[in-house]
Amino acid sequence: MSSDRPHHVVLGITGGIAAYKAPEILRQLQQRGAEVRVVLTRAATHFIGRVTLEALSRHPVVVEMFEPGANIVIRHVEMARWADLLLVAPATARTLARFAHGLADDFLATLYLSVRCPVLLAPAMDAEMWENAATQENLARLRQRGVAVIPPERGYLASGVEGEGRLAEPEQIVARALVILAARPYVRDLEGEHVLITAGPTCEDLDPIRYLTNRSTGKMGYALAHAALARGARVTLISGPTALLPPPDAETIFVRRAEQMYRAVLSHMERATIILKAAAVADYQPKTFSTAKLKKTEADLMLALERTPDILAELGRRKGSRVLVGFAAETDAHLEHGRRKLIEKNLDLILVNDAASAETGFAADENAGFLLDREGHVVELPRMSKYEMAMRILDRVRELLAQRGRLEQRGERPR
Ligand code: CTP
């Protein structure tokens, strides 16, 4: 995106009572210098007048997919290319479901499938609908694909009760939109790179029924895969057991044990230019595996465990000119442990986070931590979605690649 033109925002408005707040969002975006085009769902037209929005945006408002005289194919493709951000406010439960399942049954849902720019959703609905497992699952699926969400607030709802479901304040929505627009003009800056990512836990089997594992869910590693794909990289994802759907465009290899992950990583590292080791690999495995179920006795049971291969340390020895990023989940002396692992395992970057935090640790949708490099820089990454964090990590990887390019041009050997 060139810096001399205003930001282009498509504002999608769906059919909830909070649609009456959408003109305020539109006006505030305009006041902050953005150009806004509006798309309404048919249901939204019951809550807000098309004429009002045409007057405010100074452009035709799109509702129907098929309108006489308009070339619909060109229209949604063109609008998708035009947009720097697709903001949907309010987003109803129905629209979350349509987006989550790729149901292109009107102009807005078709546009959602066509855009390659960031998407920001501001849901608003009745508290029961918001809390429903179906809505929460749809949201989790969208977040996993990199969609940003401003959750609704608690407050007085149109149904007359107090609860969670009220559209976030227009100021907040606009502020978040501007952060997304300013922070990262959408770029495919990893085209030509091949990113190898490990994700999730490993499971070390004791017998056909029991195994040792950890609390990793794979969310951070999968977010990295989505983010790297969005920036144009080829992605190989080596995943331990998780409940997540891998991105369809990634080459995904499923493994179970640390030893299998070790072999898969080594046999796929050749083509990789960037390696992101987000997996929580078990450090120990049972010394023996019993093919028959272990039976209980009256005595205490002692498990004999042996070390698994340290995949990251091996990669550190073999990495050549690849950028190697490690992850460390710590409960104390975070920076100290992080620095030691960075040097001992010959990494370029390490993300250290707090494993003890419920909001940002294992299984959470958000993360926070410190990104350390070999020059001793420590960048604090405050609490943000795992996708945004993935983007921040890739920004830093991109800088390292650019630095290396400069060194190579000058005939110096990168470290
Ligand atoms: N890791 C690995 N292979 C292992 C263990 C860990 O590749 N067998 C990688 C993880 O993918 C992660 C990093 O090492 O990127 C840090 O993992 P962590 O368990 O925190 O570090 P350890 O080196 O195992 O150190 P410690 O157990 O002392 O904290």
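Buried here means under 20% relative accessible area, with exposed set at over 50% and partly exposed in between (1.4 Å probe, protein chains only). The model is predicted, so local features need pLDDT of at least 70 and side-chain atom pairs count only at pLDDT 80 or more, while totals for chains, interfaces and linings use all residues. Residues are numbered from 1 along each chain as its sequence is written, and side-chain values use heavy atoms, leaving out hydrogens and water.

By that burial cut-off, F99 and Y112 are both buried. They make a stacked aromatic pair, with 4.2 Å centre to centre and 5° between the planes (ring centres within 6.5 Å count as a pair; planes under 30 degrees apart are stacked, over 60 edge-to-face, the rest tilted). The count comes to one such pair. F99 sits in helix α4 (residues 93–101) and Y112 in helix α5 (residues 107–114), so the pair ties together parts 13 residues apart in sequence.

Turning to the nonpolar cores (buried Ala, Val, Leu, Ile, Met, Phe, Trp, Tyr and Cys joined through side-chain atoms within 4.5 Å), the largest has 38 residues, of which L224, L276, F327, I393 and V397 touch the most other members. A second, separate core of 35 residues includes A18, L85, A89 and I180. Back at L224, its contacts (heavy atoms within 4.5 Å) include I197, L276, A278 and F327, not counting residues up to four places away in sequence.

Key
Rings of Phe, Tyr and Trp (its six-membered ring) pair if their centres lie within 6.5 Å; planes under 30 degrees apart count as stacked, over 60 as edge-to-face and the rest as tilted. Helices (H or I, at least four residues) and strands (E, at least two) are DSSP runs, numbered from the N terminus.
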